[in-house]
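I set down each item as I looked it up.

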Amino acid sequence: MSHDNFGFTSSTDALDTKKWSSKNNQNGYDHKSNIYVMELEEKKKSVQEYEEDYDPYDHRNVTHPTTSWETLLHLLKGSLGTGILAMPKAFYHSGYGIGIVATIIIGLFCTYCMRILVSCEYELCKRKRVASLSYPATAEAALLEGPAPFRRFAKASTHTINAFLMVYQLGTCCVYTVFIATNLQLALKTYVSDIDVRLYMLAILIPLILVNWIRNLKFLAPCSTVANFITFVSFSIILYYIFREPLSFENREVIGNVENFPLYFGTVLFALEAIGVVMPLENEMKKPKTFMRTFGVLNIGMGVIVALYTGLGFFGYIRYGSGIKGSITFNLDEPLALAKSVQILLAIAIFFTHPIQCYVAIDIIWKDYLAPNLEKNSHKLLWEYALRTSLVLFTFLLAVAIPQLDLFISLFGALCLSGLGLAFPALIQICTFWHVHDRTGKAIMIAKNMSLVLFAVLGLIVGTYTSLRDIIKTFS
């Protein structure tokens, strides 16, 4: 059996050598005749052309496709959440000098890894002649095409990535629940008696369940629009608090405490990384080719996100210094009415972001594990709503048990996004193009991507350890 360059069996495999020899002899030609070599090359060429003619984008059948503008809104809203409000605290851990440089570098790394992941998906879709692939399916297909030692892990990679994605997305929903409840508590404490933050979580539980019953990204676009508008208005007010008085660099560190760098790393990864929503967003687009253009959805979205995160982190830290809290909204004071309006507005914005984050976890559990076993079940839709309700309840219970915002942002960032956002995309690209590059190209690709993998592994181990250490210290 002959194989093409990508490891898939070519249709020329049907040409049996003995039959060719027999045909050659009958016609008076030697089996090595140039005529038959040319015929064989023509057949191979036609097979390659047939494979290259397949464009996955032309075969996607999306019930409710999103426009480029709607996708950009989803991307911005998926990233502009609680993470950006924790950036001043991250800059406190790193120092403002290190914070500026490192945030831009990590932002470039994240964008690069998103691009190579989407590129690998497209390449593998062409080879497999399928319209789209999920993140786990892309990893499995890539490992099957990579070096022989990697192939045995192909099936396990699907469940590994699914687990990382679910932990991260559900962890994000926990953080969002804490954020909404805490901001509401701060905004309303002067008007009502001092109520425990967990009771505010209970008050928003039913609304969260209902908004997570929206089943299509297309119908979540208005939520993104409302949330983005509220977020930018709130940021304008936060900027007023930052710049209303002259800034002072007194007692502001250029380089922070080295022991706290892992907390910075985890927070920035949590804030910048949108790896969980990138592929679902691209797969749901009406014109997916606009996603990866030089001035396309991904580059524009990530450019805006990195600039906003760097700016708010730097100026927020310079304004509040060592007094900065887990979210900059917790630092807002006089004028009181304006501060409370920001806290309420951002609580509303994050409320509408919750279903976008939860969408990924629901999509994984439903499509990969539950729906295939419920094909003949007459109550399939009811089961889906039960799943959506259960996941919201699960994140609510975790938030009630552990209402610590900044430390858990750092923990989920270091634990999940080091792998999902940096290491896994780098490994997927190596495997996808293993049989395509020549020796020099392969060596450059391995050196570049393995550096990313080592950086990610170091961040995962040190960041997770530091976050858990501080969490245990806080609760003890």
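Entry 1. I looked up where α12 meets α17, taking contact as heavy atoms within 4.5 Å. On the α12 side I found Pro 262, Leu 263, Phe 265, Gly 266, Thr 267, Leu 269 and Phe 270, and on the α17 side Ile 409, Ser 410, Phe 412, Gly 413, Ala 414, Leu 417, Ser 418 and Leu 422. Sorted by class, this contact holds 10 nonpolar, 5 polar and no charged residues; Gly counts as polar.

Entry 2. The model is predicted: local features need pLDDT of at least 70 and side-chain atom pairs 80 or more, whereas totals for chains, interfaces and linings use all residues. Residues are numbered from 1 along each chain, and side-chain values use heavy atoms, without hydrogens and water.

Entry 3. I then looked up the geometry of the pair. Helix α12 (residues 261-272) packs against helix α17 (residues 405-432) at an angle of about 65 degrees, with the axes 7 Å apart. Axes are lines fitted to C-alpha atoms over the stretch in contact, and angles run from 0 to 180 degrees between N-to-C directions. Helices are DSSP runs (H or I) of at least four residues, numbered from the N terminus.

Entry 4. Which residues touch the most other members of the largest nonpolar core? I noted Leu 85, Tyr 135, Ile 238 and Leu 420, out of 128 residues. Such a core joins buried (under 20% relative accessible area, 1.4 Å probe, protein chains only) nonpolar residues through side-chain atoms within 4.5 Å. Helix α17 gives the most to this core, with 16 residues.

Entry 5. Leaving out residues up to four places away in sequence, I found that Leu 420 touches Tyr 135, Ile 161, Phe 164, Leu 165, Tyr 168, Ile 275 and Pro 425.

How values were computed:
Helix = DSSP H or I, 4+ residues; strand = E, 2+ residues; numbered from the N terminus. Buried < 20%, exposed > 50% of the residue type's maximum accessible area, 1.4 Å probe, protein only.
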